[in-house]
Amino acid sequence: MNSPTTSLPNAKRVGMVSLGCPKALVDSERILTRLRADGYAMSPDYAGADVVLVNTCGFLDSAKEESLAAIGEAIAENGRVIVTGCMGEEAEAIRAAHPQVLAVTGAHQYEQVVEAVHEHAPPSQGPFVDLIPQPDIKLTPRHYSYLKISEGCNHSCAFCIIPQLRGKLASRRIDAVLREAEKLVAAGTRELLVISQDTSAYGVDTRHETRSWKGREVRAHMTDLARELGQLRTPEGRAPWVRLHYVYPYPHVDKVIPLMAEGLLTPYLDIPFQHAAPGVLKAMRRPANEAKVLARLKAWREICPEIAIRSSFVVGFPGETEADFAYLLDWLEEAQLDRVGAFRFEPVEGAAANDLPDPVPEALKEERYARLMEVTERISAAKLAAKVGRTLPVIIDEVGEADEDGDIGATGRSEADAPEIDGAVYLRNVPETLAPGAIVDVRIEDADAHDLFGVMA
């Protein structure tokens, strides 16, 4: 007589809405990876989820409004919602707006999130479980990955509440970071995007402790990390792109520029300058050495002519005068940054800047924002026009369908373009075998203020 068969119970399903910056996206990936290890499945929509997680952003009031709206949508569509992330520090405000939420946890509180899911949607796995380890869950395309090296920040910028939300700097062990990077590259990552609140400060909190890696001692320090990441190779033997984000221009940043010139790092730096006028920088509680920065930018370009510098700036900070803003525009003309983002100053609950005198009227903020973007767009257009006729390496993000003439287009990025925030390279007439993640040489045929257009060489 045959023994009765035992059916495995259906796995509980978790949906995820992830808002905010790439660091929050990494948090979402870690939470989902942990939940899958506990027997949960992922749901791509509200309808199929037993519980929905909303990873919120709480940096600006506008981001909080977006987070509350996302929570409301999840409640309306599903009804069973757990909230986490930066806005989770304001549990009372969340519950006042949405009393139906099942639980609220703060930023990078992985254990509390998992416990809340276990409580409100208990895992349904039985005694028969898959013993084969599952790969980590990625919310980005397979060919690029964010590599978070630390959490928190030691700065006390007047406009920012990140230290209040995420705490002081807490660096990961360098061997753990390198092990994760090696694993990502082996699994198909062709571009690593190094992120933190302050990449240049990596290891300061651990006094740059050393760990053994591949038979040698390496420090928890940005330069050591950059050098080691430059040694990684894909299964095909190619060096992945390694892109540094949130780099404060400390003196030791000078030492990573030769690594870019040697091809060990992608020639790209994301530096949050925020402003240039000394008075505004002082009010922001930022280093006010803008003249020295210009000299260093010039020196970096002499060492590595291909380096692309991106930054972001705040306009309309309290007390910003017309002279301060004119100083910023003149500085940008001289700095000739490759990519620039700008934000109108917005008060954030709990930020010291809210108490500063002489707020800038909203209309004037808008006018200054438009003037700054006009200047930076002109600089960008000139820089991209200079690339017409050149052949550049491009990483492919998406390949389209053939049109009525059989022509297939593709979208990619040059080394000067980070995903989501910078420009793109649009290719025509690519082979049907081209796939996302491929790095190909592209002859640039045209350009506009933000993007390049070309054909595979």
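Is Arg 371 buried, partly exposed or exposed, and what is its relative accessibility? In this predicted model, Arg 371 counts as partly exposed, at 25% relative accessibility. Its side chain meets that of Glu 367 in a salt bridge, with an N to O distance of 3.3 Å. Both residues belong to helix H12 and lie 4 residues apart, about one turn of the helix. Glu 367 is likewise partly exposed, at 35% relative accessibility. Arg 371 and Glu 367 are also part of a network of salt bridges that includes Glu 320, Glu 322 and Arg 368.

The salt bridges of the model come to 29 in count. One of them joins Lys 148 and Glu 151, with N and O 2.8 Å apart. Lys 148 is buried, because its relative accessible area of 2% falls under 20%. Glu 151 is buried too, with a value of 9%.

A further salt bridge connects Arg 390 with Glu 306, their closest N and O atoms being 3.0 Å apart. This pair links distant parts of the chain, 84 residues apart: Arg 390 lies in the loop between H12 and strand E16, and Glu 306 in the loop between helix H10 and strand E14. Arg 390 is partly exposed, at 32% relative accessible area, and Glu 306 is partly exposed at 44%.

Backbone angles were also examined. Arg 207, which is not a glycine, has a positive phi of about 55°. Arg 207 sits in the loop between strands E9 and E10 and is exposed, with a relative accessible area of 77%. Asp 358 has a positive phi near 60°. Asp 358 is placed in the loop between strand E15 and helix H12, and its relative accessible area of 56% makes it exposed.

Note on methods. Residues numbered from 1 in each chain as written. Predicted model: local features only at pLDDT ≥ 70, side-chain atom pairs only at ≥ 80, totals over all residues. Heavy atoms only, no water. Helix = DSSP H or I, 4+ residues; strand = E, 2+ residues; numbered from the N terminus. Buried < 20%, exposed > 50% of the residue type's maximum accessible area, 1.4 Å probe, protein only. Salt bridge = Lys/Arg side-chain N within 4 Å of Asp/Glu carboxyl O.
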